[in-house]
Each structure stands twice: as structure tokens, then as C-alpha cells.
Amino acid sequence: INVTATGSSAAVLRPGISNVISLSGFGGAKSITAGGWVEIYGANWATAERLWTANDFQNNTAPTTLSGVRVLMNGIPAFMEFVSATQINCQVPDGVGTGNVSVTVVTAANGTSDPFIVSAAARVPGLLAPASFNVGGKQYVAAILPDQTFVGPIGLVAGAAFRPAAPGDRVLLFAVGFGTTSPPTPAGQIASQL
């Protein structure tokens with residue numbers, strides 16, 4: 001717990017970071033990449049949960065502050081998607097480079113966290129593979145068929161429709177962290193349709 005003494009005898013709980021990983025549903029890697037999505041864990045951030053809304057976007061650009069909370073990566077503002085008292089989900093900004101990246105959480109109420117150092121790479125690929133798709137120690141990806149069923153044995157996960165893929169089926173996979181897109185879309189921008 002981070003405590004800062006003030007001029008009076010009151011104490012302020014400073015924000016603190018305990019971990020930074022790529023999105024857990026996409027593998028939860030211990031490194032990050034520009035344009036990739038991350039989960040930050042810690043304490044003393046927002047007083048309530050807040051998810052971005054359409055009103056938070058300005059000219060198709062995602063917000064860099066939610067509920068008075070922002071994240072800086074090597075001094076560059078990240079794009080905020082979700083914030084709570086103990087978790088932040090955000091997109092890594094362009095320009096963080098590779099190697100060690102300093103991550104800080106800045107709050108309007110409690111100040112700035114100590115830096116948390118995380119490794120960045122040019123690519124940190126991950127496919128959507130939620131924990132609920134781990135059956136019998138085998139992790140399945142969330143592969144979706146044209147009929148909106150998931151690829152896998154029938155009855156694999158209770159409450160979800162599965163079927164094996166057939167020859168010629170198109171399969172939709174969700175992925176993050178594969179590096180620069182074509183055409184390029186800057187981090188924090190809404191991608192346009194091709």
C-alpha cells in the first residue's frame with residue numbers, strides 16, 4: 001500500500017500497480033506491444049467501475065482519461081477502455097518502443113503511482129481463448145462458424161453451441177498484438193472498414 005504524508009496529519013492512499021499483462025482472455029502475456037490491449041492490476045484508482053461510452057470518443061479517438069484516471073506508458077497517454085478501483089483495461093499507445101516500458105497510473109484524487117516496468121516487444125500475438133473454454137486441461141480458442149456456433153465438440157461448454165468445422169467452413173478468430181495493420185490504423189483510433 002502506498003501512503004503519502006500530507007501537511008496535515010491526514011494520509012492519502014497513492015495508486016499502486018501490482019501487475020501489467022496483455023488481455024487475459026488472449027493469453028495474458030507478461031509483455032506488451034504498441035496498439036495491443038493490456039490489463040493493469042493494483043489499487044487506489046477509481047471509486048466506481050467505468051467503461052468507455054460513445055460520448056468519450058472525440059473525432060474517432062478513444063479517451064485517455066476515464067473518471068479522473070489515466071495511464072502513462074513511457075510518458076505517453078494510453079487509451080482507456082475500463083477503470084475500477086483495482087483494474088484498468090487500456091490500449092498501449094504507439095511510440096512506446098521495445099524493451100523496458102515504464103507504466104504509471106495517474107489519478108485526480110490520489111496522485112501518481114510509482115513506475116511499474118514491463119517488457120515491450122514488436123509483437124505479442126494472442127487469440128481469444130477465454131478461461132471458460134478450458135475443458136479438461138485443454139484450452140480451446142473462440143472460433144466462430146458462419147452459423148454463429150463455436151468450433152469444437154458438441155456440448156463442449158454448457159450454455160454455448162458447438163459443432164465441428166466442416167470442409168469449406170469459414171472460421172472467425174479474434175486476435176490482438178500482431179503488430180502494424182494493413183492499412184495502418186494508429187492506436188486509439190476506430191478502424192474503418194476495408
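Mentor: Buried means under 20% relative accessible area, exposed means over 50%, and partly exposed is what lies in between, with a 1.4 Å probe and protein chains only. This is a predicted model, in which local features need pLDDT of at least 70 and side-chain atom pairs count only at pLDDT 80 or more, while totals for chains, interfaces and linings use all residues. Residues are numbered from 1 along each chain as its sequence is written, and side-chain values use heavy atoms, with hydrogens and water left out.

Trainee: How many aromatic pairs does the structure hold, and what is the geometry of F133 and F150?
Mentor: Rings of Phe, Tyr and Trp (its six-membered ring) pair if their centres lie within 6.5 Å, and planes under 30 degrees apart count as stacked, over 60 as edge-to-face and the rest as tilted. The structure holds five such pairs. In the pair of F133 and F150 the centres are 5.1 Å apart and the planes stand at 90°, so the geometry is edge-to-face.

Trainee: What is the geometry of the rings of F133 and F162, and in which strand does F162 lie?
Mentor: The centres of these two rings are 5.3 Å apart and the planes are at 55°, so the pair of F133 and F162 is tilted. Strands (E, at least two residues) are DSSP runs, as are helices (H or I, at least four), and they are numbered from the N terminus. F133 lies in the loop between β14 and β15, so its pairing with F162 ties together parts 29 residues apart in sequence, F162 being in strand β18.

Trainee: Which aspartate forms a salt bridge with R14, and how many residues apart in sequence are the parts tied together?
Mentor: A salt bridge is a side-chain nitrogen of Lys or Arg within 4 Å of a carboxyl oxygen of Asp or Glu, and by this rule the count comes to four. The closest N and O atoms of R14 and its partner are 2.9 Å apart, and that partner is D114. Since R14 lies in strand β2 (residues 11-14) and D114 in the loop between β12 (111-112) and β13 (116-120), the pair ties together parts whose separation is 100 residues.

Trainee: Which residues are linked with R163 in a network of salt bridges?
Mentor: The side chains of R163 and D147 meet in a salt bridge of 2.9 Å, N to O. R163 is partly exposed, with a relative accessible area of 22%, and D147 is partly exposed as well, at 43%. The network links R163 with D147 and D169.

Trainee: What is the strand order of the open sheet of five strands, and which residue in β5 is the bridge partner of V20?
Mentor: Two strands pair if DSSP finds at least two bridges between them, and in this open sheet the pairing is antiparallel, with the order β3-β5-β10-β9-β6. The edge strands, each pairing on one side only, are β3 (16-22) and β6 (50-51). Six bridges join β3 to strand β5 (residues 37-43), and the partner of V20 in β5 is I40.
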